[in-house]
Amino acid sequence: METIKFLNKWANAHTYYPLDLIRIALGVFLFIKGINFMANSQMLVDLINPIQNWAGGMLAIHYVAPAHLIGGALIAFGLLTRWAIAAQLPILIGAVLINFVGDMHMTSLIMASITLIACVFFLVYGSGKHSCDYYFKMQQ
């Protein structure tokens, strides 16, 4: 617990606008991907096709789009950022691994890897000073 408090104090002392812009861009990107998956559900089914016969294949189809929509909005506003990112991690790890199980799409692999790295960074770093989390914490 002390480590998390130390990291939180360090993060709040070293917050910069570019990091907040990256967090907002990450949230908007995930939100748009959620809209794309909702609008074109066949694309999501085709992506999950290599693991379709595994346990949870149909569950994954119903989890990905709403998690991206809600999680992306929460990340963009900086509200419950770590919880929203924790919900994104299984999806992003699956997005990276699915390239090795099925057909290798290099652009998809790079996009999923960069998004995963950004999410892991913000899972540790937090939402920053220019977020709803920080605003509500300062109101207390």
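Student: Why are helix 5 and helix 6 called roughly antiparallel to each other?

Tutor: First, some ground rules. This is a predicted model, where local features need pLDDT of at least 70, side-chain atom pairs count only at pLDDT 80 or more, and totals for chains, interfaces and linings use all residues. Residues are numbered from 1 along each chain as its sequence is written, and side-chain values use heavy atoms, with hydrogens and water left out.

Tutor: Now the angle. The axes of helix 5 (residues 81–101) and helix 6 cross at roughly 155 degrees and come within 9 Å. Axes are lines fitted to C-alpha atoms, for helices over the stretch in contact, and angles run from 0 to 180 degrees between N-to-C directions. Angles under 35 degrees count as roughly parallel, over 145 as roughly antiparallel, 65 to 115 as roughly perpendicular and the rest as oblique. Helix 5 and helix 6 are therefore roughly antiparallel.

Student: What makes Phe121 and Phe122 an edge-to-face pair?

Tutor: Rings of Phe, Tyr and Trp (its six-membered ring) pair if their centres lie within 6.5 Å; planes under 30 degrees apart count as stacked, over 60 as edge-to-face and the rest as tilted. By this rule there are three aromatic pairs. For Phe121 and Phe122, the ring centres are 5.1 Å apart and the planes stand at 75 degrees, so the pair is edge-to-face.

Student: Why does the pair of Phe122 and Tyr125 count as edge-to-face?

Tutor: Their ring centres lie 6.4 Å apart and their planes are at 75 degrees, so this pair is edge-to-face. Phe121, Phe122 and Tyr125 form one aromatic cluster.

Student: Where do Phe122 and Tyr125 lie?

Tutor: Both are in helix 6 (residues 106–125), three residues apart, about one turn of the helix. Helices here are DSSP runs (H or I, at least four residues), numbered from the N terminus, as are strands (E, at least two).

Student: Why is Phe122 called buried?

Tutor: Buried means under 20% relative accessible area, exposed over 50%, partly exposed in between (1.4 Å probe, protein chains only). Phe122 has 2%, so Phe122 is buried.

Student: Is Tyr125 buried or exposed?

Tutor: Tyr125 has 6% relative accessibility, so Tyr125 counts as buried.

Student: What makes Phe121 partly exposed?

Tutor: Its relative accessible area is 38%, so Phe121 is partly exposed.
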